Amino acid sequence: MTPPCASHAELSRPQTRQSPSPRRSLTATFWRGLLAAALLTVAASSPDHAATAAPAPAANKQPPNIIILLADDLGYGDLGCYGHPTIRTPELDKMAAEGMRFTQFYAAASICTPSRAALLTGRLPIRSGLNRVLNPKSKGGIPEDEVTIAQALRAKGYATACVGKWHLGHLEKYRPLHHGFDRYFGLLYSNDMTPLGLYRDDKEIENPVQQASLTERYTAEAIRFIQDCRRGGAAKPFFVYLPYTMPHVPLAVTRKFAGRSQRGLYGDVVETIDWSVGRILKTLRDEALADNTLVFFTSDNGPWLSRKQHAGSAGLLREGKGTTWEGGVREPCIAWWPGKVKPGVVSLEVGSTMDFFPTCLALAQVRPSANRTIDGESLLPVLLGKGRPRPRVLFFYWLTELTAVRKGPWKLHFKTMQEFGKHAEKHDPPLLFQLEVDPSEQYNVAKEHPDVVAAILKEVARHKGELKPGKPQT
Ligand code: MG
């Protein structure tokens with residue numbers, strides 16, 4: 001299933017096609033002058049501008065397109081708009097200024113495979129059995145009976161593409177084309193594993209992989225897919241899942257990005273991803289798709305701190321990847337949808353990558369199957385400014401063990417660790433932190449709040465009572 005390819009010339013279309021006529025431009029500018037300055041950038045590049053540029057506006061009667069951009073091992077503190085002092089991320093900062101930036105958003109797990117399984121299914125990884133990181137010798141993968149966002153949307157007429165790191169099983173039956181994606185281009189697992197092949201659909205096309213140019217090649221593939229969907233005549237809505245391979249180690253960039261960042265190679269890698277996000281959002285504007293496309297950017301888990309200068313930063317959060325401290329699971333998350341998501345909003349609502357599944361299904365008007373538990377909740381009320389009615393409860397596992405729970409502003413730890421379960425310490429009684437007051441998890445307040453501890457233990461009992469763990473995939 002080889003996708004039709006746009007030429008590289010087509011990927012960078014002439015500037016003249018993007019410029020409105022002077023008269024239209026002036027009229028539009030007058031009306032736009034009534035809007036806040038922060039809106040100008042959005043307005044100048046979206047609907048009426050684009051109507052005079054490339055294709056005619058997309059029919060908004062069709063459900064929105066959805067794009068999920070997922071970094072790998074990017075920390076909470078690694079973007080300019082999340083406070084990094086030397087990594088420059090102007091495109092992501094702009095995306096946040098034009099959209100919604102979450103400050104209490106979580107990956108569903110602190111390591112790659114379980115986190116991705118949960119993102120695509122809306123379910124805790126313990127339910128699918130994808131509890132641990134798969135490797136090139138693994139025999140397991142995403143079970144047949146799990147439903148991914150791509151499967152659910154494709155059944156509703158969406159064109160679907162996965163571009164990037166899969167990591168939900170490398171054997172053929174577990175690959176993207178067998179779990180709802182029409183197209184695939186990327187690596188089947190992490191870039192520190194060998195043998196490392198690059199796949200197009202089900203076929204290996206490069207081995208060993210030239211890693212330095214991966215982000216740029218992923219970007220070109222995603223743009224080509226968007227343009228194919230836009231111009232293909234079928235006018236299908238699309239879903240693009242783009243899990244970048246980096247900044248997971250080993251880090252590499254092309255000459256174009258080398259030495260750009262004062263943060264060194266790690267900064268160069270993040271700035272390459274920032275460039276990629278900018279290219280994708282620009283494509284949506286150029287193709288007059290911006291007002292009918294919801295884009296999320298987040299990461300699969302926190303920074304791999306033992307990789308030192310090649311690891312990211314969790315900012316003010318404690319620890320990193322492979323732990324259920326905040327640094328392992330709380331992530332940057334930006335949502336962008338001009339005209340629908342208000343610009344410049346910083347949301348303190350608690351969210352999870354598991355929320356993408358019900359959010360996408362709600363947008364496509366797909367009803368999830370009643371007989372399977374979905375742990376995520378639709379983010380639409382938050383995105384559309386209608387609030388969220390009740391405090392969230394999020395359960396965090398290390399492999400098959402429940403180690404922490406967040407309920408409202410509180411987090412209870414039964415077991416803590418440093419990196420990949422090392423130096424694990426059980427806590428009985430459990431530790432309690434008030435995360436809105438103490439995001440760095442420094443001050444255990446369990447003794448002062450026995451009622452909160454009891455309420456969370458009740459949630460745990462309820463959860464354990466209904467939980468049916470999936471067969472462990474290894
Ligand atoms: Mg990861």
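User: At about what angle do helix H5 (residues 90-98) and helix H10 (residues 265-286) pack?

Analyst: Quick heads-up: this is a predicted model, where local features need pLDDT of at least 70, side-chain atom pairs count only at pLDDT 80 or more, and totals for chains, interfaces and linings use all residues. Residues are numbered from 1 along each chain as its sequence is written. Helices (H or I, at least four residues) and strands (E, at least two) are DSSP runs numbered from the N terminus. With axes as lines fitted to C-alpha atoms, for helices over the stretch in contact, and angles from 0 to 180 degrees between N-to-C directions, the axes of H5 and H10 are 7 Å apart and the angle is about 50°.

User: What word describes how H5 and H10 lie to each other?

Analyst: Angles under 35 degrees count as roughly parallel, over 145 as roughly antiparallel, 65 to 115 as roughly perpendicular and the rest as oblique. The angle here is about 50°, so H5 and H10 are oblique.

User: Which residues in H10 meet H5?

Analyst: Being in contact takes C-beta atoms, placed from the backbone, within 7 Å. H5 brings Pro90, Glu91, Leu92 and Met95, and in H10 they meet Asp274, Trp275, Val277, Gly278 and Leu281.

User: Is leucine 124 buried or exposed?

Analyst: Leucine 124 sits in the loop between helix H6 (112-121) and helix H7 (125-128). A residue is buried with 20 or more other C-beta atoms within 10 Å of its own, exposed with 12 or fewer, and partly exposed in between. Leucine 124 has 29 within 10 Å, so it counts as buried.

User: How many residues of helix H12 (residues 356-364) are buried?

Analyst: Phe356, Phe357 and Leu361 are among the buried ones. Their cover includes strand E1 (65-71), H6 and strand E8 (293-299). H12 is mostly covered, and the count of buried residues is 8 of 9.

User: Which strands are the edges of the open sheet of 10 strands?

Analyst: Two strands pair if DSSP finds at least two bridges between them. The order is E6-E5-E4-E3-E7-E1-E8-E9-E2-E10, with mixed pairing. Each edge strand pairs on one side only, and the edges are E6 (203-206) and E10 (345-352).

User: Which residue in E9 is the bridge partner of arginine 101?

Analyst: Strand E2 (residues 100-106) runs antiparallel to strand E9 (residues 330-336), with 5 bridges in their pairing. In E9, the partner of arginine 101 is isoleucine 334.

Conventions
Contact = placed C-beta atoms within 7 Å.
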